[in-house]
Number of protein chains: 2
Amino acid sequence: MKIDFEGLPGEVLITDVTLRDGLQQERNVLETRDKVALVGDMIKAGVKSLEVTSFVRPDLVPQLADAAELFMALPAGSECNFRALVPNLRGYDRARKAGCKNIVLFVSATEEHNRNNLGKSIDETLDILGQVLSRATKDGVNTDVAVSMAFEQYPVKLRHVLEFLVDKGQKTVILCDTSGMANPKLVRERLQLAKRYFDREEVTLHFHDTTGCAIANVLVSLLEGFSSFDAAIGGLGGCPFAEGAAGNIALEDLVWFLSSLNVKTGIDIGKVVEINGKLSELLKRPLYDSKVARYFRGRKSVCGR
Amino acid sequence: MKIDFEGLPGEVLITDVTLRDGLQQERNVLETRDKVALVGDMIKAGVKSLEVTSFVRPDLVPQLADAAELFMALPAGSECNFRALVPNLRGYDRARKAGCKNIVLFVSATEEHNRNNLGKSIDETLDILGQVLSRATKDGVNTDVAVSMAFEQYPVKLRHVLEFLVDKGQKTVILCDTSGMANPKLVRERLQLAKRYFDREEVTLHFHDTTGCAIANVLVSLLEGFSSFDAAIGGLGGCPFAEGAAGNIALEDLVWFLSSLNVKTGIDIGKVVEINGKLSELLKRPLYDSKVARYFRGRKSVCGR
């Protein structure tokens, strides 16, 4: 077949999720001021959308316990879109109070993961999610909904969740490969399913890179006309309830890849590699799950010479 | 566009190059008996083609100094294809004496790399290469020719080299992304060029993974109808004369990826992950440039927890 690179989206929106998904399992808890500095660096690098925290219970995720404090310290005049995860009405109230205008609700496409992650069935979660959606709509708060485990072999409740969201008038969705086990065939299949419920520009793709397929999955998504992706510096991240899952697709590698295809991101590759260096210092270890960062920072191998 | 996964090659030939490209820069020199054991494990894993060594000057590459010894210790009755690099007539004579029936000659698509790697101009190299090809044809030895730096932005002598090979009656070629800087657009462009000189089934693709694009490059190659790839356990390898280049595409990741697309390789993923473990012990470091090996061996992150 002929591959039609000329038909790819001309521009892509990347949301950096380093500060939330990237950090949530890191042992070294970052100071709020360091997070604010990273946000500043990201904006200077051209990042237009950032998932900065989650309004979950502070005692459960120490790394994100400063959610309100962080939100109130973000640059007020910035045109960057700052989003935060919200699990329920209590989280919603905290987020609102902190000035958050873009919330991300979440639910899983498999019962097992939903129970492990949220302690509830999918329908119980959707019930709560529906309540938050109604409140947010009334309050004029932008909502997005992340669907975890959307690329499993058998994400049995994916249609059910997507139908629920459409019924509720939800305009956008984030399809998450939480386990990082997606591959081009699964991606094509799920994107074709998603198109029945949402326009392509309303769907964001959140790929982890457990088996090295993430960049190929992005290529397939682009060829299918999708143009919004999540990523994290140095390939950080992972879910405690998706066994063996690796981190997010690396922001550096995604920007490099898109640039090689002449797809615009507005993001400066040199600057994100610099951020990799700063974050490595803060976390006290190299962040070399990004091959591009490794290349630019002059290391040939993660573990070798 | 619609991606036609159904039109992909049904089967792919993978040549494992761990023992040559993978090891040539490793400090820990492996014993010949350990190499022979690895060959045995590879065959048990279903690998049908192996690049096992190079008949270069033993003092220049200590890791491959046992080329003749290794060749003579290979399992005689095996249906596996054992190939070895040969730089010149002297190397050819050594290879023949050791019983090698499949030789790989090599030349670069850029003058700078050719000079650094071989100390000669491309035309001087082609002259020698032509002499070896003639001798090999007379002797009934199978020949392949690896063209280094074939995926650079400006591989100025690529056409020149391909034309030379066709003139000499050479039937097959290995196009090498020596620097690992290829991307899907460059791959498509060079494969379309290669098709003017060779049939698709006569071309082997040798990708390194410096910027994380290698698996996407394989996907593009498959979509263009190519079906022969080189790979190395744990993503080992790299060229001392391609600055910053990372290792080969990892065999484990390539097999996993092809399997996810229902493309047959005949290779057992569990067994190659086991080989990763054995080789890690021999080299005294984890070989986690393979994400699949990392996943199966139970590690979430190269440098993290």
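Is Phe296(A) buried, partly exposed or exposed? With a relative accessible area of 42%, Phe296(A) is partly exposed, because that figure falls between the 20% and 50% cut-offs. Welcome to a predicted model, shown here in a set of close-up views.

**View 1. Confidence in the prediction.** Chain A has a mean pLDDT of 94, and 95% of its residues reach 70 or more. One stretch to treat with care is residues 300–305 of chain A, where the pLDDT is below 50. Even so, in the model this stretch has 22 contacts beyond near neighbours in sequence. Where pLDDT is low, predicted coordinates should not be read in detail. For the complex, the predictor gives an ipTM of 0.94 and a pTM of 0.95.

**View 2. Helices H8 and H9 of chain A cross each other.** Two packed helices are described by the angle and the distance between their axes. Here, helix H8 (residues 184–194) and helix H9 (residues 214–223) of chain A have axes that come within 9 Å and cross at roughly 35 degrees. The crossing of H8(A) and H9(A) is right-handed. On the H8(A) side, look for Pro184(A), Val187(A), Arg188(A) and Leu191(A). Facing them from H9(A) are Ala216(A), Asn217(A), Val220(A) and Ser221(A). Sorted by kind, the residues of this contact are five nonpolar, two polar and one charged.

**View 3. Trp256(A) and Phe296(A) form an aromatic pair.** Over all chains, a search of the whole structure finds eight aromatic pairs. In this one, the ring centres of Trp256(A) and Phe296(A) are 5.6 Å apart and the ring planes meet at 65 degrees, so the pair is edge-to-face. The two residues are 40 residues apart and come from distant parts of the chain: Trp256(A) belongs to helix H10 (residues 251–260) of chain A, and Phe296(A) to helix H12 (residues 291–296) of chain A. Ring pairs also bring in Tyr295(A), giving a cluster of Trp256(A), Tyr295(A) and Phe296(A).

**View 4. The surroundings of Trp256(A) include residues of both chains.** Which residues does Trp256(A) touch, not counting residues up to four places away in sequence? From chain A they are Ile269(A), Val292(A) and Phe296(A), and from chain B they are Met181(B), Thr211(B) and Cys213(B).

**View 5. Phe151(B) and Phe207(B) pair up in chain B.** These two rings form a tilted aromatic pair, 5.5 Å from centre to centre and with 55 degrees between the planes. Phe151(B) sits in the loop between strand S5 (142–148) and helix H7 (158–167) of chain B, while Phe207(B) is in strand S7 (residues 203–207) of chain B, so the pair ties together parts that are 56 residues apart in sequence. Both Phe151(B) and Phe207(B) are buried.

**View 6. Asn262(A) and Met149(B) have a positive phi.** Most residues other than glycine have a negative phi. Asn262(A), although not a glycine, has a positive phi of about 60 degrees, and Met149(B), also not a glycine, has a positive phi of about 60 degrees. Asn262(A) is in the loop between H10 and helix H11 (269–283) of chain A, and Met149(B) is in the loop between S5 and H7 of chain B. Are these residues buried or exposed? Asn262(A) counts as exposed at 57% relative accessibility, whereas Met149(B) counts as buried at 9%.

**View 7. Leu85(B) is a buried strand residue.** Leu85(B) is part of strand S3 (residues 81–85) of chain B, and its relative accessibility of 8% counts as buried. Besides Val104(B), Leu85(B) touches residues including Arg20(B), Glu51(B), Phe55(B) and Phe106(B).

**View 8. Asn102(B) is a buried residue of strand S4.** Strand S4 (residues 102–108) of chain B contains Asn102(B), which counts as buried at 16% relative accessibility. The C-alpha atoms of Asn102(B) and Asn81(B) are separated by 7.6 Å, although the two are 21 residues apart along the chain. Beyond its neighbours within four places in sequence, Asn102(B) has contacts that include Asn81(B), Phe82(B), Arg83(B) and Val141(B).

Technical notes:
Residues numbered from 1 in each chain as written. Chains lettered and ligands numbered in written order. Predicted model: local features only at pLDDT ≥ 70, side-chain atom pairs only at ≥ 80, totals over all residues. Heavy atoms only, no water. pLDDT = per-residue confidence, 0-100. Contact = heavy atoms within 4.5 Å. Axes fitted to C-alpha atoms, helices over the stretch in contact; angles between N-to-C directions. Helix = DSSP H or I, 4+ residues; strand = E, 2+ residues; numbered from the N terminus. Left-handed = near helix turned anticlockwise from the far one by under 90°. Nonpolar A, V, L, I, M, F, W, Y, C, P; charged D, E, K, R; others polar. Phe/Tyr/Trp six-rings, centres within 6.5 Å; stacked < 30°, edge-to-face > 60°. Buried < 20%, exposed > 50% of the residue type's maximum accessible area, 1.4 Å probe, protein only.
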